Amino acid sequence: MNKLRRKDRAITEEEAKALLNKAEYGVLSTVAENGTPYGVPLNFCIIDHCIFFHCALEGQKLDNIKQNKSVSFCTVGNTEILPDKFSTKYESVIVSGEVDEVFDVNKQIALEGLLHKYSPEFIDKGIKYIKGLDEKTRVFKIAVNKLTGKARKQ
């Protein structure tokens with residue numbers, strides 16, 4: 001786990017992994033060549049402790065990744081505003097790691113992982129759909145170097 005300023009809000013690594021697994025989407029943060037930060041929401045899946053996502057063949061995040069493979073990925077779980085405490089109940093996970101493109105079998109496994117996460121009722125139809133994506137989509141894997149989770153539960 002990374003260092004946390006509010007250690008009283010830290011959640012265990014297992015809790016952080018569970019939160020990451022159940023998150024509907026996350027925000028991938030990259031840095032452009034000129035140092036400008038760039039964050040983009042993504043859907044994703046977890047396979048073998050790595051984060052996988054798919055995207056178009058070109059774009060800002062791909063330009064950024066090409067010049068700097070270090071990324072941050074953040075998810076937020078349940079939240080609730082606590083107006084009388086001027087605060088918020090929350091749970092979140094921040095990951096840092098290195099991103100690389102995957103191909104062939106690993107690309108297929110990742111796309112099927114996304115299918116199982118987001119369209120579990122349509123697996124057969126989804127497998128057919130994936131076959132047509134090979135030349136239209138790229139798939140990347142974030143190897144997790146650091147994982148930090150925290151929450152305010154009350």
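**Figure 1. Asparagine 64 in helix H2.** Asparagine 64 belongs to helix H2, which covers residues 60–67; helices are DSSP runs of type H or I with at least four residues, strands are E runs with at least two, and both are numbered from the N terminus. The model is predicted: local features need pLDDT of at least 70, side-chain atom pairs count only at pLDDT 80 or more, and totals for chains, interfaces and linings use all residues. Residues are numbered from 1 along each chain as its sequence is written, and side-chain values use heavy atoms, with hydrogens and water left out. Asparagine 64 counts as buried because its relative accessibility is 2%; buried means under 20% relative accessible area, exposed means over 50%, and partly exposed lies in between (1.4 Å probe, protein chains only). When residues up to four places away in sequence are not counted, asparagine 64 touches Thr30, Val31, Ala32 and Tyr38, a contact being heavy atoms within 4.5 Å.

**Figure 2. The protein as a whole.** Four helices and eight strands make up the secondary structure. Read from the N terminus, the order of elements is α-β-β-β-β-α-β-β-β-α-α-β. Along the principal axes, the C-alpha atoms fill a box of roughly 50 × 45 × 25 Å. The protein has 154 residues, of which 36% count as buried. Among contacts with a separation of 6 or more, 71% are between residues 24 or more positions apart. The accessible surface is about 9,700 Å², and carbon and sulfur atoms account for 51% of this area; the areas come from the Shrake-Rupley method with a 1.4 Å probe, and for residues only the protein chains shown count as cover. There are 24 positive and 21 negative side chains, and the centres of these two sets lie 6 Å apart. Lys and Arg count as positive and Asp and Glu as negative, while His and the chain ends are not counted; each charge is placed at NZ of Lys, CZ of Arg, CG of Asp or CD of Glu.

Figure 3. The structure holds zero disulfides, a disulfide being a pair of cysteine sulfur atoms within 2.5 Å. Cysteine 50 is in no disulfide, and the nearest cysteine sulfur, in cysteine 45, is 10 Å away. Cysteine 50 has a relative accessibility of 13% and therefore counts as buried. Cysteine 74 has its closest cysteine sulfur in cysteine 45 as well, at 18 Å, which is too far for a bond. With a relative accessibility of 26%, cysteine 74 counts as partly exposed.

**Figure 4. The largest nonpolar core and phenylalanine 53.** This core contains 23 residues, and Leu20, Leu28, Phe53, Phe73 and Ile142 touch the most other members. A nonpolar core is a set of buried Ala, Val, Leu, Ile, Met, Phe, Trp, Tyr and Cys residues joined through side-chain atoms within 4.5 Å. Two or more residues of the core come from each of helix H1 (13–22), strand E2 (37–42), strand E4 (50–55), H2, strand E5 (70–76), strand E7 (87–102) and strand E8 (138–152). E8 gives the largest share, four residues. Apart from this core lies another of eleven residues, among them Val102, Leu114, Ile130 and Val139. Beyond its neighbours within four places in sequence, phenylalanine 53 has contacts that include Leu28, Leu42, Lys61, Ile65, Val99 and Ile142.

**Figure 5. Two residues with positive phi.** Most residues other than glycine have a negative phi. Phenylalanine 86, however, has a phi near 55 degrees, a positive value in a residue other than glycine. Phenylalanine 86 sits in the loop between strand E6 (80–82) and E7, and is exposed because its relative accessible area is 78%. Aspartate 104 likewise has a positive phi, near 55 degrees. This aspartate lies in helix H3, residues 104–118, and counts as exposed at 69% relative accessibility.

**Figure 6. Two separations across the fold.** Alanine 18, in helix H1, is partly exposed, with a relative accessible area of 45%. Alanine 18 and glutamate 98 are 80 residues apart in sequence, and their C-alpha atoms are 21 Å apart in space. Aspartate 134 occupies the loop between helix H4 (123–131) and E8, and counts as partly exposed at 45% relative accessibility.
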